[in-house]
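Please examine the sequence and the structure shown below. The paragraphs that follow lead from the pairing of strands to the packing of side chains and, lastly, to the aromatic rings.

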Amino acid sequence: MTAEDAGAESDVQSINSDAPPAFNSDDEPPEDHEGDENTCSRDGAVKKVIRKVGKGLERPGQNDIVTLRFCTLQLDGPAIVDVPDEITVEMGDNKLPLAVEFAVKNMRVGEVAEIRAPAAYSKITSPLCGRQLRTQPGVLPKAGKVKRKLRFLPAAPKGLAEQAKVDLLKFRKAQEAAKEAAQEAAQEAAEAGDGSTPSKPPMFRARVELLGFQCVLALTEDRSVTKRILQTGTSQRRPRRGDVVTFSYCLLEDGGAKRTSPRKCELTLGEDELPYPRLEHIICSMKDALLG
């Protein structure tokens, strides 16, 4: 190529490099759309269909405090007229139907979703997640062939998962028996105008709206020390052992009301004795002006 060729304008039309609408690169999460169906359980049995897209990227996790509305629907029920009451519960505390908690762990604030799952998953209990999924640190229990994208989703307790399979097997056997009976009496049914069909499989259907949640952080692997952020800190620096820290604390009732007045302390981490043995985990995880 000569200097003149390099400086001359090209006759070839340039290619438009603008990203198409709704484009996401590999390092960005996919966008949600109304009507999308997502799998919410490790066994693939719990599905949710988005009816209203939520906002933000955060999703509730284990021990988070969630506020939501949900109601149980018939498989072929009419449209919802009554708005269910708001409830506030802690995730993983056995206070929601299993299928609902599966779905909430995969929802964003403001999202409305319709859930379908085996009827056995309507029991009020919590899915297995985190350490409960592992036979030893970092190792998942053997559960047959599981798709890679589903491996780290929460799983149903073994008893419920087996019950769902038994119910489905019973339904299929009953369906086959009804089909054989219908074939034998096809002529009679046609004359009588009997258009009956086998009953639908035992399923659970619900509508859930996630109104908001508060993040609860586990500071130890056994979850014996947790922290709920009430006010974010102003600095990025966290104290370390050997630092002199000033903090205040008070004891709370189960309902969150203060049981004692705030007490102010100033001490050196790792050298001075703390008011409570495991308080160091919390202080070392906090930023300046952070209330936990």
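Two strands are said to pair if DSSP finds at least two bridges between them. Strands themselves (E, at least two residues) and helices (H or I, at least four) are DSSP runs, numbered from the N terminus. The model is a predicted one, in which local features need pLDDT of at least 70 and side-chain atom pairs count only at pLDDT 80 or more, while totals for chains, interfaces and linings use all residues. Residues are numbered from 1 along each chain as its sequence is written, and side-chain values use heavy atoms, with hydrogens and water left out.

The sheet may be considered first. Six strands form an open sheet in the order β1-β2-β5-β6-β3-β4, with antiparallel pairing. The edges are held by β1 (37–39) and β4 (87–90); each has a single partner strand, so one side of each is left without a neighbour in the sheet. On average, neighbouring strands of this sheet are turned by 35° against each other, direction ignored; the angle is taken between axes, which are lines fitted to C-alpha atoms, and angles run from 0 to 180 degrees between N-to-C directions.

The pairings can be followed across the sheet. Strand β1 is joined to β2 (residues 47–52) by three bridges, and glutamate 37 has valine 49 of β2 as its bridge partner. Between β2 and β5, which run antiparallel, there are five bridges. Here lysine 47 has arginine 116 in β5 as its bridge partner, and lysine 48 stands opposite isoleucine 115 in β5. Seven bridges connect β5 with β6 in the antiparallel sense, with alanine 117 opposite phenylalanine 204 in β6. At the other end of the order, β3 and β4 run antiparallel and are joined by four bridges; the bridge partner of valine 66 is valine 89 in β4.

How many residues of β5 are buried? Six of its seven residues are, and the strand is thus mostly covered. Buried means under 20% relative accessible area, exposed over 50%, and partly exposed in between (1.4 Å probe, protein chains only).

In soluble globular proteins, nonpolar side chains tend to be buried together. A nonpolar core is a set of buried Ala, Val, Leu, Ile, Met, Phe, Trp, Tyr and Cys residues joined through side-chain atoms within 4.5 Å. The largest such core has 27 residues, and Val46, Val100, Val104 and Tyr121 are those with the most contacts inside it. At least two residues each are supplied by β3 (65–73), α2 (98–104), β5 (112–118), α3 (158–184) and β6 (203–214). The largest share, six residues, comes from α2. Valine 104 touches Pro60, Val66, Leu68, Met91, Val208 and Leu210, not counting residues up to four places away in sequence; contact means heavy atoms within 4.5 Å.

The aromatic rings remain. Rings of Phe, Tyr and Trp (its six-membered ring) pair if their centres lie within 6.5 Å; planes under 30 degrees apart count as stacked, over 60 as edge-to-face and the rest as tilted. The structure holds three aromatic pairs. One of them, between phenylalanine 247 and tyrosine 249, is tilted, at 6.4 Å centre to centre and 40° between the planes. Another, between tyrosine 249 and tyrosine 276, is edge-to-face, at 6.0 Å and 90°. Tyrosine 249 lies in β9 (residues 244–249) and tyrosine 276 in the loop between β10 (263–268) and α5 (279–284), 27 residues apart.
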